[in-house]
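Please take a moment with the sequence and the structure shown below before reading on. The paragraphs after them lead from a single residue to the whole and back to some details.

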Amino acid sequence: MDDSTKVHDHFQKVSGAFDSIYSGEQRSFIYRMVDILFRRRILEGRRNAILEFASPVKDKDILDIGCGPGRYVVMLAKDEPSSILGLDMSDSMIELAKRLAAERGITDICKFEKGGFLKKEFDKKFDIIIAAGVADYTSDPKVFLSKIKDILNERAIISFPVKWTIFTPIRMLWLFKRKCPNYYYSNSDIKRLVKECGLKIKSSKKIGSFLVPGNYIVVCEN
Ligand SMILES: C[S@@+](CC[C@H](N)C(=O)[O-])C[C@H]1O[C@@H](n2cnc3c(N)ncnc32)[C@H](O)[C@@H]1O
């Protein structure tokens with residue numbers, strides 16, 4: 001089984017649980033505690049930083065790679081972009097995203113497609129590209145970043161999981177047990193990769209602490 005099938009299968013299974021970190025819907029006591037202590041703070045910090053870096057989005061064409069349950073898409077839609085495409089390899093994530101967009105009455109601006117980013121052929125470029133929580137599962141980040149560069153007009157905002165924190169080995173083990181490949185980055189790994197792909201870092205921010213597996217949020221331009 002190749003890496004992308006393993007990532008697909010993992011997110012097919014955990015889509016509801018993943019979205020519940022945002023929605024706070026009922027889960028078992030243990031999961032709720034883990035979410036409150038670690039995951040929710042990181043996810044919300046990441047989302048806030050990315051949305052701030054993405055702004056202003058008015059009249060822009062946006063691509064959200066690995067859009068998951070569509071939480072970013074619905075927030076961006078409020079600021080009147082020209083269009084937003086949410087792309088995700090998992091059908092169950094796309095179903096959640098479509099349902100959320102329908103509930104919020106924004107299906108005219110937001111479109112969702114099921115598919116892997118690396119295999120998808122695009123017939124246009126995007127002003128703003130977001131990839132939150134995707135580099136974590138990408139075995140060849142150079143191919144991933146080069147493809148972003150090819151279809152980028154203005155800026156890409158990409159999260160990379162921080163390589164070493166106290167709880168990183170626990171996250172690795174958790175994903176390993178679920179047969180989901182996962183990858184981590186140091187600040188210098190990111191600088192090197194971005195440069196090798198011909199992109200430039202415009203700004204960046206670190207979310208999390210030495211304890212919790214956090215993210216580097218990096219804004220790149222062509
Ligand atoms: C951790 S979730 C993040 C979802 C969303 N970006 C967020 O932060 O709320 C990662 C998502 O990326 C998707 N994904 C991972 N690699 C992908 C790829 N190469 N192409 C499309 N989707 C991908 C997974 O299916 C999953 O839904």
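Predicted model: local features only at pLDDT ≥ 70, side-chain atom pairs only at ≥ 80, totals over all residues.

When residues up to four places away in sequence are left out, V212 touches F38, I42, T165 and F167.

Another loop residue, L199, is placed between α7 (187-196) and β6 (200-207). Having 22 C-beta neighbours inside 10 Å, L199 counts as buried. Apart from neighbours within four places in sequence, L199 is in contact with L145, K149, V194, C220, E221 and N222. The C-alpha atoms of L199 and E52, which are 147 residues apart along the chain, are separated by 20 Å.

The C-alpha trace spans about 45 × 40 × 35 Å along its principal axes. The radius of gyration of 16 Å agrees with a compact globule, because such a globule of 222 residues would have a value near 17 Å. Buried residues make up 37% of the 222 residues, and among the contacts with a separation of 6 or more, 69% are between residues 24 or more positions apart.

Helix α4 has 13 residues and reaches 18 Å from its first C-alpha to its last, close to the 18 Å expected at 1.5 Å a residue. Which residues of α4 are buried? They are M93, I94, L96, A97, L100 and A101, and seen down the helix axis they fall within an arc of 160°, so they line one face of α4. An α-helix has 3.6 residues a turn, so residues three or four places apart point the same way. The face of α4 turned away from the buried side carries the exposed residues R99, A102 and E103. The buried residues of α4 pack against α1, α3 (71-77), β2 (83-88) and β3 (110-114).

Of these partners, α1 can be described in detail. Helix α1 (residues 3-23) and helix α4 (residues 91-103) pack at an angle of about 35°, with their axes 7 Å apart. The contact is formed by F11, Q12, S15 and D19 on the side of α1, and by D91, S92, M93 and L96 on the side of α4; by kind, these residues divide into three nonpolar, three polar and two charged.

Some backbone details remain. After α4 comes G105, whose phi is positive, near 65°. E80, although not a glycine, also has a positive phi, of about 55°; E80 is placed in the loop between α3 and β2 and counts as exposed, because it has 12 C-beta neighbours inside 10 Å. K179, in the loop between α6 (168-177) and α7, is likewise not a glycine and has a positive phi of about 60°. Finally, S55 and P56 are joined by a cis peptide bond with an omega of about 0°, and P56 lies in the loop between α2 (29-54) and β1 (61-65).

Note on methods
Residues numbered from 1 in each chain as written. Axes fitted to C-alpha atoms, helices over the stretch in contact; angles between N-to-C directions. Helix = DSSP H or I, 4+ residues; strand = E, 2+ residues; numbered from the N terminus. Contact = placed C-beta atoms within 7 Å. Nonpolar A, V, L, I, M, F, W, Y, C, P; charged D, E, K, R; others polar. Rg over C-alpha atoms; globule rule 2.2 N^0.38 Å. Buried ≥ 20, exposed ≤ 12 C-beta atoms within 10 Å, placed from the backbone. Expected span 1.5 Å × (residues − 1). Arc of directions from axis to C-beta.
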